Amino acid sequence: MALDFPTGQEARALVEELGDAVTFYKVGMELFYSEGPAIVSYLKEQGKKVFLDLKLQDIPNTVAHSLAVLTRLGVDIMNVHAVGGPKMMAEGMNAIREAAEKLCVAAPKLIAVTILTSMDEAQWAPLGYAKPIGEEVLALAALAKESGLSGVVASPREAEAIRKACGSDFLIVTPGIRPTWAAANDQSRIATPSMAMKNGSTHLVVGRPITKAENKIDAVNRILKEMEGALHE
């Protein structure tokens, strides 16, 4: 569940409203830049898992030191941009392991963002990449695995190809999830929860279909039911 809010007050209100219906939350740049580590501490105190979605990309040394510091927060998943390259990704993963060992805690998973799900072919073409989006996503996923990362962020459209190429234990976190009853908003490469699960996604990031719903718990339950149905088909 994506906590895409500008204030901790709004985020905490939603967490309290949803209660036990949601156990895993994504904290992105907007909320983290507003509230800092306090929002992560709040979620962990509530017994929630946290995906810290800051999409780091910089020189390898800077990213490594940043990830080491963020490891202290006790989150479950963090991410970097795969286009930062193999050296950046590998050094980042090593920094997390070393920091976790010093802290005597479990190391958070590190995953890599491939191509943002808001990107479509019309936006992609002017960037000058030789490969179409789908092929580039697959190449970046393979690079992330070779660099020792646990998985990637990719659209559900590419999940099936990533699963075949990267194996059954590779995490595929998919934004761009839109149930048939929800608006697409600014996402381009989207899929329903059922389609994403069938394609091999391991984690679905859902925000506005829940936050904009009149009955948010009902929206969560409908999505979970669709996910469970896909797993049993």
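This is a predicted model: local features need pLDDT of at least 70, side-chain atom pairs count only at pLDDT 80 or more; totals for chains, interfaces and linings use all residues.
Trainee: OK, back to α8. Which residues are buried there?
Mentor: In α8, residues 159-166, they are A159, I162, R163 and C166. Buried means under 20% relative accessible area, exposed is over 50%, and partly exposed is in between, with a 1.4 Å probe and protein chains only.

Trainee: Why do they line one face of the helix?
Mentor: Seen down the α8 axis, the buried residues fall within an arc of 100°, so they share one face. That arc is taken from the directions between the helix axis and the C-beta atoms. In general, an α-helix has 3.6 residues a turn, so residues three or four places apart point the same way.

Trainee: What do the buried residues of α8 pack against?
Mentor: They pack against α7 (133-146), β5 (151-153), β6 (171-174) and α9 (193-199). Contact means heavy atoms within 4.5 Å.

Trainee: New topic. Which residues does UniProt list for "active site"?
Mentor: The unreviewed entry lists D53, K55 and D58. UniProt positions follow the numbering used here, feature names are shortened, and annotations may be inferred rather than shown by experiment.

Trainee: Is D53 buried or exposed?
Mentor: Buried, because its relative accessibility is 6%. D53 is in strand β2, residues 49-56. Leaving out residues up to four places away in sequence, D53 touches K26, V27, G28, M29 and N79.

Trainee: And what about K55?
Mentor: K55 is also found in β2, but at 22% relative accessibility it counts as partly exposed. Beyond neighbours within four places in sequence, K55 contacts N79, V80, H81, V113 and L116.

Trainee: What joins the side chains of K55 and D53?
Mentor: A polar contact of 2.9 Å. That's a pair of N or O atoms within 3.5 Å; within protein, one must be able to donate a hydrogen and the other to accept it, and residues adjacent in sequence count only if both atoms are side-chain atoms.

Terms used. Residues are numbered from 1 along each chain as its sequence is written. Side-chain values use heavy atoms; hydrogens and water are left out. Helices (H or I, at least four residues) and strands (E, at least two) are DSSP runs, numbered from the N terminus.
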